[in-house]
Amino acid sequence: MTEELNLMGHDSDGGSEEVVLTPAELIERLEQAWMNEKFAPDLLESKPEIVECVMEQLDHMEENLRRAKKGDLKVSIHRMEMERIRYVLSSYLRCRLMKFPNRI
């Protein structure tokens, strides 16, 4: 089952354009944003669309796992993947907070 997610972007004219991504492409974009933020000396441009879409995807995955059979190996593997994605998302947000100029 291939699912596609909508991600709003902005073109050079200031208008908005809709980009359709698969969940794998979305996670790839999150990982790229995370690595860029992690290794950049300054705070980079925010990616709120990616963060929001990943959070929605995690909610959707959690709901699917609640309906799955207990004890199934696939459930354990999917749960591990969800934890990995949560780690990347949390680390991305932590990196941004650490660079925020007026942190307390």
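The confidence score called pLDDT is the predictor's own confidence in each residue, on a scale from 0 to 100. The structure shown here is a predicted model, and its mean pLDDT is 86, with 81% of the residues of the protein reaching 70 or more. Confidence is lowest in strand β1, which covers residues 5–10 and has a mean of 54, and it is highest in α1, at 97. Where pLDDT is low, the predicted coordinates should not be read in detail.

**Layout**

The protein contains three helices and two strands, and, read along the sequence, these elements follow the pattern β-β-α-α-α. Of the 104 residues, 28% count as buried.

**The nonpolar core**

The largest nonpolar core is made up of 19 residues, and those with the most contacts inside it are L26, L30, V54, L58, L89 and Y92. Helices α1 (23–39), α2 (48–67) and α3 (73–99) each supply at least two residues of this core, while the largest share, seven residues, comes from α2. Leaving out residues up to four places away in sequence, L89 touches L30, V51, V54, M55 and L58.

V51, one of the residues touched by L89, has its place in helix α2. Is V51 buried or exposed? V51 counts as buried because its relative accessibility is 13%, which falls under the cut-off of 20%. Apart from neighbours within four places in sequence, V51 is in contact with L89, Y92 and L93.

**How α1 meets α3**

Two packed helices are described by the angle between their axes and the distance between the axes. For α1 and α3 the angle is about 35° and the axes are 9 Å apart, and the crossing of these two helices is left-handed. On the α1 side the contact is made by I27, L30, E31, A33, W34, E37 and K38, and on the α3 side by R84, I85, Y87, V88, L89, S91, Y92, C95, R96 and K99. The residues of this contact divide into 10 nonpolar, one polar and six charged.

E37 lies in helix α1, and it counts as buried because its relative accessibility is 1%. Which residues does E37 touch, not counting residues up to four places away in sequence? They are D42, L43, L44, Y92, C95, R96 and K99.

K99 has its place in helix α3. Leaving aside its neighbours within four places in sequence, K99 is in contact with E37, A40, P41, D42 and L43. Both E37 and K99 are listed among the residues through which α1 and α3 make their contact.

**Separations along the chain and in space**

The table sets the separation in sequence of two residue pairs beside the distance between their C-alpha atoms.

| Pair | Apart along the chain | C-alpha to C-alpha distance |
|---|---|---|
| V51 and L30 | 21 residues | 7.5 Å |
| K99 and L44 | 55 residues | 9.2 Å |

L30 is among the residues with the most contacts inside the largest nonpolar core, and L44 is one of the residues touched by E37.

Notes: Residues numbered from 1 in each chain as written. Predicted model: local features only at pLDDT ≥ 70, side-chain atom pairs only at ≥ 80, totals over all residues. Heavy atoms only, no water. Core = buried A, V, L, I, M, F, W, Y, C linked by side-chain atoms within 4.5 Å. Buried < 20%, exposed > 50% of the residue type's maximum accessible area, 1.4 Å probe, protein only. Helix = DSSP H or I, 4+ residues; strand = E, 2+ residues; numbered from the N terminus. Contact = heavy atoms within 4.5 Å. Axes fitted to C-alpha atoms, helices over the stretch in contact; angles between N-to-C directions. Left-handed = near helix turned anticlockwise from the far one by under 90°. Nonpolar A, V, L, I, M, F, W, Y, C, P; charged D, E, K, R; others polar.
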